Structures are given as structure tokens and as C-alpha cells.
Amino acid sequence: MSLIEVINVSKHFGGLAAIKNVSFNINPGEILGLIGPNGAGKTTLFNVVNGFFPPTKGEIMFKGKRISHLQPHEICKLGIARTFQVVKPLQRMSVLDNVVASAFLRAKNKTEAIRIAQETLKFTGLYNDKEVISKGLPLGKRKKLEIARALATQPEVILLDESFAGLNHSELNESIEIIKKIKERGITIMIIEHHMKVIMAISDRIVVINYGEKIAEGTSQEIRNNPLVIEAYLGDAKSA
Amino acid sequence: MKKYLPLIILAILSILPLIGLSSYAMHILILVIMWAAIGMAWNLLGGYCGQVSFGHAAYFGVGAYTSGILYYKLGISPWWGMPLSIVVVSLFSLVLGFIVLRLRGPFFALATLAMGEVMRVTTENIGWLTGGTLGILIQKRTWVSKFGYYYIILLVAAGTFFLIKKLIESKLGYYFVAIREDQDAAESLGINTTLYKTIALCLSGALTGIAGAFYTNYMGYIDPHVVFALHDISIVTIMIVMVGGVATYWGPLVGAIIMVFLAELIRTIPGLGAAHQTLFGILLIVIIIFLPNGIVGDFAKIKKIFKQEAPRNELN
């Protein structure tokens, strides 16, 4: 059975349809890539799954239960965590405290929350920066902090919104390793990414959206050869 | 040493009246401690949880009138107002929170400011309950000497201090600060921001209300213009915390000492007395520009200014 089912979801902002009738499933344990040109509605789709925006039409199901009417914190409690494309560190808190704050979701007491946070920081390679006030972190580490914070809520599914954008080559490789390790832990991943090489390499399946509509779904090989996808990214062959 | 600092200061404050201070000095000390308690209460909501309230006079006033009305309408000792105000002000905060906590940032601040004024005007107009603009006079004071009042408010302030310290170091504290830093991020980390903001507001309100109830007992007279005052209560509360240090344990006490002494000092200068608000304003501007985290928050910076004699170009 699918872990998350997105069923005929539409999201309108006034007269603008940011997402039109999108449906797809996320299977347990897989990495699902979500790609599409700028403004296609990827982040909006995340915000709908995560509960920030209720869908105008359609349903989101998590483990067979309807979650599309819930608040973000309730959805997080059920086991879906997310990161933000525009990173939102808790600026005047240390890196450790950032992660402790999110570890409290499942920890019974402060000692346990700190233990979970420290483990998560080691896992994401931020342990040496734990005392740094997160305002002073470089972008690469802020992106990792987003991942660490999401992981500390001990989710079943993690939604990663452009966790690789703006990273240099070595940071990119580190982050790919982290994603692979997250998958090994049995956590399902849905990821938005512009970096084609990365997404093609790590995704089990890919969903492509353009102008708010799903235009393709399949393995990276299928996506690469799909004429609709090529058209969305490169334009129509005839008009070129 | 640092761990025992609160206890040491509490001990010093406990024996301070025993050295035989004048009635006036005791009055000043009582005011300092009362304002410190109010500042700490504000700091919980405004400093840690980031919900800057311009209407703390509303809680102070409701607390004060809880005591006052008990005496005025029911003939019960106004001291019962102190425990009762916890219940009354918590409920009041809950209702208020339902309205104002839907708003964020400056809109929240403006809504709380309006609420404080609404409470003042309402209290003026329901004379059958509150005595209207005539206020409520407690005919018989409990004590002539100030000792009893001093120890009661010291107990309230110490209780407030330790309660807030305990809260801030717990899960609640982490959640409050997370909400202050980024409400959307906090929400996505599974924090029920509405719930925790309401908790912060109710706690902050109730603690302010106790101080208000104490005020009624201590001063023996309240009227809407005094206890619901925008500039004399709401703004002074914010100033105390800003001057002392936002989101610090000791900031409100330091701020209260400075503000109360400054107000008294200026009042003694002939021809300048009425200008103390102006001077407070100037002080606030200076603090915001040079010590944005207040005296306690920027203490390291202050120490550096005094030490920094020879090496002008220190490495950053």
C-alpha cells in the first residue's frame, strides 16, 4: 500500500490555479523526485502535503487516513517532516538547540531530546558546529540543519525542498550521502530538486509537473526520454 | 557561583529591610521589586515567545480590579484578590488570546495596545461594578509599616523568577523561543503554535495580574486611569525589559532598578518632574541604538567599552 496518496489535488490562489488535479502515490521506503520548471507548483504541492495550505480540491491520504484538513503540526506529529527551500533556522538559537526544539516532539524529557539531537547532528555532520548560533552558519550548513531538524522529529516521511540548491561540489556529495543514509534508515523521501544529475541518480521514481499539472511519472530513464518533459524544459522542437 | 546567584540575591533582598531603611526607601524598593515581577511576566511573552504586547496594563488592571471589586462589592479582604487574580486573569487572557493571537508581529502589538485601552474605557463605564472614574478606595490598610508588603511582593517576584527560569529551561522554553524565531518553522517541527502562544499569554497575564492585585492592597486606591494606563503601565513595562535585557533572566530586575530610580531622581529635580516621560523616551532610543539586547544582554559589550583603553583595533 502507498504511504502517501495525493488524490486529484488542486490548489487555487484566487483565480490562479497553482496546482491542477494532481494525483500520485509515494511508496514506503522509496525516494520520489519532484521536478518541474520554475513556478511549476512544486513548493505549493509540498505546502499542501505538509498542511500549510489546505487543498482547494482533492485529498491527501497518509497510511490510508485523510490528512488534508489537518494543521502542519498535527501532520508533523503523524510522521511527515519537511525542510524549507528558503531556509528557516531558528536564528538566535544554537545549532544544537534548534534540533533539540524539534526533538521534543517525541522525546519524553530534556535528556532524551538532547540525546536525539546529538545523534542527529552526528548523522548529518553538524556535530562540530553544535554550539554555533545558527544565524552565523554558511548556507551549506543551514541546509543540513534543515534536514537535521526534520530528522529529529523522527519522521516516517521527509519532504526535502531543494536541499541541494546553492551548494558547492563537495557539499553536494556530502548531502547526497546523507540522503542515501536517510533512505537506509527506512525513511521515505520526497524531494524537490533542480539539480538534474542528482535527482536522476538518487530517485527511485520521478514525478514531473509543469504549470501545476502532472505531465509525467516514472523512473529516471523513462523521464529522460519523455517528449513532454523535454518540451517543458527546452521548449517545443517545432518552434525552436 | 552563577548557579547560586539567584539565591544570593534573594538572601540579600530578604535581609535588606532589617538594616532599618526609611519608609520612603522601602517604598522605592517595593516599587522596584513589583516592576521587576511585571517585567519578568512580560518577558515570558514578549522576550521569549516573541509576542510583543503593548497592553500589559490590561492584565495588571484586571488583577488590580479583582482585588478591588472583592472589597468594594463583596466586602472581602482584598488580599484574597492575589490568589483569585490568577484564575480571573488567566480566563481573561484566554479570551483575549483568542482574539489577539490570530495576529502576528506589529498587528499583534497594535491589537494588545487597543485591548488595554478598551479595558480602561470599559472599567470607567461600568461604575456599578468598578466605581467608575472615582475608583476604589480601600478604607483600612492592613499595615502601616511597609515590611509586610515588602516581603509579600518579594515572594511574588522570587516565585515569578524561579517559575520562569524553570519553564524556559524546559520543553516549553524551547517551544517559546522556536515560535519567536520562526513561527512557520516551529509549526512544521510539530509545535502547536496557537496552543503554546496561548500558554505564554495566560502565564504572562496571570503573573502580571498578581502584581496588579498586590498594587491594590499596597496603594489602597485604584482608578482606571492609573491601573490601565498606557504610558505608566504598558509602556513602562516594555521599557524596563528593553533597558534591562529582553529574554534574559536578570534583565527585568536591572531594568526595574534603573527605571524606578531614574523616575524618582527626575521627579526631585524642580521644573523637570513632568519631563520624565521625555527622558525615558530618549533613554530608550539610546538603548535601542547602542545596546539592542539591553544592559544584561549586552553586558559583554559594556565591559569591553570600559576595558578598551589602549587596543582600539581589536580583532573580531
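The structure is a predicted model. Chain A has nine helices and ten strands, while chain B has 16 helices and two strands. The local notes cover one helix pair in chain B, two buried residues of chain B, Thr248(B) and Ile210(B), and the partly exposed Gln71(A).

**Chain A as a whole**

- Nine helices and ten strands make up the secondary structure elements of chain A.
- The radius of gyration of chain A is 18 Å, close to the 18 Å given by the globule rule for 240 residues, so chain A is as compact as a globular protein of that length.
- The C-alpha trace of chain A spans about 60 × 40 × 35 Å along its principal axes.
- Of its 240 residues, 54% count as buried.
- Among contacts in chain A with a separation of 6 or more, 65% come from residues 24 or more positions apart.
- Chain A exposes about 10,500 Å², and 51% of this is supplied by carbon and sulfur atoms.

**Chain B as a whole**

- Chain B contains 16 helices and two strands.
- A compact globule of 316 residues would have a radius of gyration near 20 Å, and the 20 Å of chain B agrees with that.
- Along the principal axes, the C-alpha trace of chain B extends over about 65 × 55 × 40 Å.
- Buried residues account for 52% of the 316 in chain B.
- Of the contacts in chain B with a separation of 6 or more, 76% are between residues 24 or more positions apart.
- The accessible surface of chain B is about 14,700 Å², with 72% belonging to carbon and sulfur atoms.

**A helix pair in chain B**

- Two packed helices are described by the angle between their axes and the distance between the axes.
- In chain B, the axes of helix 1 (residues 5-15) and helix 7 (residues 147-168) come within 11 Å and cross at roughly 175 degrees.
- Angles over 145 degrees count as roughly antiparallel, and helix 1 of chain B and helix 7 of chain B are therefore roughly antiparallel to each other.
- Helix 1 of chain B contributes Pro6(B), Leu7(B), Leu10(B), Leu13(B) and Ser14(B) to the contact, and helix 7 of chain B contributes Tyr150(B), Tyr151(B), Leu154(B), Ala158(B), Phe161(B) and Phe162(B).
- The residues of this contact divide into ten nonpolar, one polar and no charged.

**Two buried residues in chain B**

- Ile210(B) lies in helix 10 (residues 193-219) of chain B.
- Ile210(B) counts as buried because its relative accessibility is 12%, and the cut-off for buried is under 20%.
- Apart from neighbours within four places in sequence, Ile210(B) is in contact with Met82(B), Ser85(B), Ile86(B) and Val156(B).
- From C-alpha to C-alpha, Ile210(B) and Leu31(B) are 14 Å apart in space, and they are 179 residues apart in sequence.
- Thr248(B) sits in the loop between helix 12 (230-244) and helix 13 (251-268) of chain B.
- With 15% relative accessibility, Thr248(B) counts as buried.
- Not counting residues up to four places away in sequence, Thr248(B) touches Asn43(B), Tyr48(B), Val296(B) and Gly297(B).

**A loop residue in chain A**

- Gln71(A) is in the loop between strand 5 (65-66) and helix 2 (72-78) of chain A.
- The relative accessible area of Gln71(A) is 43%, which means that Gln71(A) is partly exposed.
- Gln71(A) and Gly51(A) are 20 residues apart in sequence, and their C-alpha atoms are 5.5 Å apart in space.

Key:
Residues are numbered from 1 along each chain as its sequence is written. Chains are lettered from A and ligands numbered from 1 in the order in which they are written. This is a predicted model: local features need pLDDT of at least 70, side-chain atom pairs count only at pLDDT 80 or more; totals for chains, interfaces and linings use all residues. Side-chain values use heavy atoms; hydrogens and water are left out. Axes are lines fitted to C-alpha atoms, for helices over the stretch in contact, and angles run from 0 to 180 degrees between N-to-C directions. Helices (H or I, at least four residues) and strands (E, at least two) are DSSP runs, numbered from the N terminus. Angles under 35 degrees count as roughly parallel, over 145 as roughly antiparallel, 65 to 115 as roughly perpendicular and the rest as oblique. Contact means heavy atoms within 4.5 Å. Ala, Val, Leu, Ile, Met, Phe, Trp, Tyr, Cys and Pro count as nonpolar, Asp, Glu, Lys and Arg as charged, and the others, Gly among them, as polar. Buried means under 20% relative accessible area, exposed over 50%, partly exposed in between (1.4 Å probe, protein chains only). The radius of gyration is taken over C-alpha atoms; the globule rule is 2.2 Å times the number of residues to the power 0.38. Accessible areas come from the Shrake-Rupley method with a 1.4 Å probe; for residues, only the protein chains shown count as cover.
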